[in-house]
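Student: I'd like to learn how to read contacts and interfaces in a protein model. Can we go through one together?

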Amino acid sequence: MMDKLTIRDVDLRGKRVLVRVDFNVPLDGETITDDTRIRAALPTIRYLHDEGARVILASHLGRPKGEPNPALSLRPISAHLTELLGFTTAFCPESIGPTAQAAVETLADGDILLLENVRFHKGEEKNDPVLAQAFAKLADVYVNDAFGAAHRAHATTEGVARLLSPAVAGLLMERELSVMGAALRDPERPFVAIIGGAKVSDKIKVIEHLLDKVDLLLIGGGMANTFLLAQGYAMGKSLVEGDQIDVAKALIVKAKDCGKDLLLPTDLVVANQFRADATARVAGLTEVGDDELALDIGPATRTAYKAALQDAKTVIWNGPMGVFEMTAFAAGTLAVAEAVADVQGTTIIGGGDSVAAVEQAGLAQRMTHISTGGGASLEFLEGRLLPGVEALTDR
Ligand code: ADP
Ligand code: MG
């Protein structure tokens, strides 16, 4: 049970409902190249429509730096939304002020209006109270369904939530918080975390936080290089963070002290260049040449990590095992993705690149939960309170 109210707890008929969504989709000109984020918000939008709310959608798109920028207009998204929903939605070329106010006044129960990019206003990212007030004037109730933006205290994610009451979670937000929250609070065990990706420094707080909760931690990707260096292995020209060696050492000690297994690669795929067509070879930990780079976990490590996942009942995965963007270095990430898909239990994928890897492997449908928020899920897994969630009305 969530400790914040959700749209299912409040009566919305006839109410003007300001909904913060995350429609920050990749665009090629006016063409949406990936509409996952729009689709993720549809259940909430449909629910509000069916409940007879007057729905006002607000989102950011890209980084217009507080100025109107036609290339970052939400207008093409409005057209796509109409297509996806199967009924007409309106678009307002402003997000606040008399134009927006007038557009809201024309709404009948169940109607949907999409406002222009909220980051066309300087105050958005500064969480300016005057701007938050201008958004609050448009509506009676606030809904936050933009999990991917909830780690930022902006006018439409935090400021306005403090001005409208009730301020409640949408269905996507609710799902993100409940699935990940349950895994952290009361996981079915064994609970395994897989942490990879480029850098130790990006994920150190996640590792620290999860180490207390998990039974087993698997480390891969570029960050494993720093752990291996900390253990005295020469890593050649691999990506390593010299200033994180002591941190890596301390984490290995901490894991030992609290009786948790922390697995590191036992072999690697190395190459002499960071290139897709570089000649790759498998190397033991003592065999990385001075001019070589470790770009993936090796076959023995793949087997060990698969075995470690076999009996898992809860898995959180954040960060690829290697440079999966290049086929020669994708096997480790693919093997782990398959092993996670096979898990009979709760599987959660967070992190933009990890999600991309799972989708690329065609395994997304077989995971319990794919988080829509890269940065937000990272902060959530660090145990931090997300300002966009904190600002919602307590149950
Ligand atoms: P996520 O987005 O899932 O949180 P990160 O952004 O932390 O993941 O890391 C993903 C990036 O790490 C990918 O672009 C991948 O190519 C890179 N990476 C993984 N392993 C290595 C490695 N051994 N050397 C260099 N880069 C790596
Ligand atoms: Mg990333």
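Student: Which residues does Asp35 touch, not counting residues up to four places away in sequence?

Tutor: Contact means heavy atoms within 4.5 Å. Here, Asp35 touches Val25, His80 and Leu84, leaving out residues up to four places away in sequence. This is a predicted model, where local features need pLDDT of at least 70, side-chain atom pairs count only at pLDDT 80 or more, and totals for chains, interfaces and linings use all residues. Residues are numbered from 1 along each chain as its sequence is written, and side-chain values use heavy atoms, with hydrogens and water left out.

Student: Is Asp35 buried or exposed?

Tutor: Buried means under 20% relative accessible area, exposed over 50%, partly exposed in between (1.4 Å probe, protein chains only). Asp35 counts as buried because its relative accessibility is 14%.

Student: How is the protein divided into domains?

Tutor: Domain bounds come from an automatic or database domain assignment. You get domain 1 (7-172) and domain 2 (179-381), and their centres, taken over C-alpha atoms, are 36 Å apart.

Student: How much area do domain 1 and domain 2 bury between them?

Tutor: The size of an interface is often given as the accessible area lost when the parts come together. With a 1.4 Å probe and summing over both parts, domain 1 and domain 2 bury about 640 Å², 66% of it on carbon and sulfur atoms. Phe147, His151 and Leu172 supply 69% of the area that domain 1 buries against domain 2, more than any other three residues.

How values were computed
Chains are lettered from A and ligands numbered from 1 in the order in which they are written. Buried area is the accessible area (1.4 Å probe) that two parts lose on being put together, summed over both.
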